Amino acid sequence: MDVGGAYGAGKAGAPFDPILFVKRPQVIVKAVCLLFGLIVFCCVSSGGWFYSKTEGREICLYNRKSSPCHYGEAIGLLAFFASIGFLAGEYLFGQMSSVKTRKHFVLIDLGFSGFWAFMYFIGFCYLANQWSNTEFDEDMEANASTSDVSSAIVFSFFSVFSWAGSGWLAYQRFVQGNNAMFAQNFEGDAQLSGAAAYSSYSQDDQAYQDPPFSNQHEGGGEYPAPTY
């Protein structure tokens with residue numbers, strides 16, 4: 001099925017316009033998600049760990065537990081790669097010639113964006129809770145930097161809204177696409193029904209037969225009475 005501007009994009013095969021591409025709300029929001037994911041990952045991976053001389057190993061600053069650091073690194077890194085994938089999908093979205101393919105892409109965007117907003121909310125609560133329960137000792141104060149740890153918490157909070165906004169835009173695109181497809185199908189059915197109704201009254205279809213005794217003599221007049 002060919003696409004004629006379905007799901008908020010132009011017709012398939014239209015020339016690519018980079019200016020219009022970067023102005024799309026979906027592209028802008030995904031770029032913000034990419035940036036926030038990179039910041040969270042870098043802050044946790046570079047500033048969330050410190051080397052303890054007394055214990056001789058790397059220790060996570062978040063309450064001296066490794067799981068908060070691993071979680072922060074994971075959600076940030078996966079958000080970074082997912083944003084790259086969705087940006088590539090947005091680039092190819094206008095070239096998708098199938099309505100079903102566009103619909104599946106929009107649904108994947110909607111589902112992943114909502115799920116990752118939830119994952120970031122859990123990460124924000126988890127990191128903030130572990131950081132508030134952290135007890136500093138001389139070794140930690142001498143070797144640790146708290147600015148990166150706080151930045152990871154802040155940008156995890158911002159990422160909740162960026163991915164939620166991405167999900168909202170995907171939902172609007174999904175509704176718009178469904179409404180457009182319904183309108184096209186409705187107009188097509190109306191045209192078909194109108195054509196069928198018109199053809200039923202055309203001269204080619206004889207819906208009625210001539211009444212009996214309608215064939216009279218060419219001269220006209222009534223039927224002659226019988227002779228005895």
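This is a predicted model: local features need pLDDT of at least 70, side-chain atom pairs count only at pLDDT 80 or more; totals for chains, interfaces and linings use all residues.

Tutor: What follows starts with the salt bridges and then moves to the core, the hairpin and the cysteines.

The structure holds 3 salt bridges. One of them joins E90 and R24, with the closest N and O atoms 3.4 Å apart. This pair links distant parts of the chain, since E90 is in helix α3 and R24 is in the loop between α1 (18–22) and α2, 66 residues apart. E90 has a relative accessible area of 1% and is therefore buried. R24, with a relative accessible area of 24%, is partly exposed.

The remaining pair is K30 with D109, at 3.0 Å from N to O. Here K30 in helix α2 is linked to D109 in helix α4, 79 residues apart. K30 is buried, with a relative accessible area of 2%. D109 also counts as buried, at 2% relative accessibility.

Residues 71–93 are 100% helix and 0% strand, with end C-alpha atoms 32 Å apart.

Next, the nonpolar packing. The largest nonpolar core has 35 residues, of which Y62, W116, Y120 and W163 touch the most other members. The elements that give two or more residues to this core are α2 (25–47), β1 (49–52), β2 (57–60), α3 (66–93), α4 (99–132) and α6 (146–200). The largest share, 8 residues, comes from α4. Leaving aside residues up to four places away in sequence, Y120 touches G37, V40, I75, G76, A79, S156, S159, V160 and W163. A second, separate core has 5 residues, and F21, V27, L34 and L87 are among them.

Now the hairpin. β1 and β2 pair in the antiparallel sense over 4 bridges. One of the bridge pairs is Y51 with E58, the latter in β2. There are 4 residues between the two strands, and in this hairpin G56 takes a positive phi near 70°.

On the cysteines, a search of the whole structure finds 1 disulfide. The disulfide is formed by C60 and C69, with their sulfur atoms 1.9 Å apart. The link is right-handed, with 80° about the S-S bond. Both C60 and C69 are buried. C42 is another matter: its closest cysteine sulfur, in C43, is 7.0 Å away, which is too far for a bond. C42 counts as partly exposed because its relative accessibility is 35%. C125 counts as partly exposed too, at 35% relative accessibility.

Q130 is found in helix α4 and counts as buried because its relative accessibility is 7%. Not counting residues up to four places away in sequence, Q130 touches Y62, N63, K65 and P68. Among these contacts, Y62 is one of the residues that touch the most other members of the largest nonpolar core. S150 is found in helix α6 and, at 32% relative accessibility, counts as partly exposed. The C-alpha atoms of S150 and W131 are separated by 8.5 Å, although these two residues are 19 apart along the chain.

Definitions and conventions. Residues are numbered from 1 along each chain as its sequence is written. Side-chain values use heavy atoms; hydrogens and water are left out. A nonpolar core is a set of buried Ala, Val, Leu, Ile, Met, Phe, Trp, Tyr and Cys residues joined through side-chain atoms within 4.5 Å. Buried means under 20% relative accessible area, exposed over 50%, partly exposed in between (1.4 Å probe, protein chains only). Contact means heavy atoms within 4.5 Å. Two strands pair if DSSP finds at least two bridges between them. A salt bridge is a side-chain nitrogen of Lys or Arg within 4 Å of a carboxyl oxygen of Asp or Glu. A disulfide is a pair of cysteine sulfur atoms within 2.5 Å.
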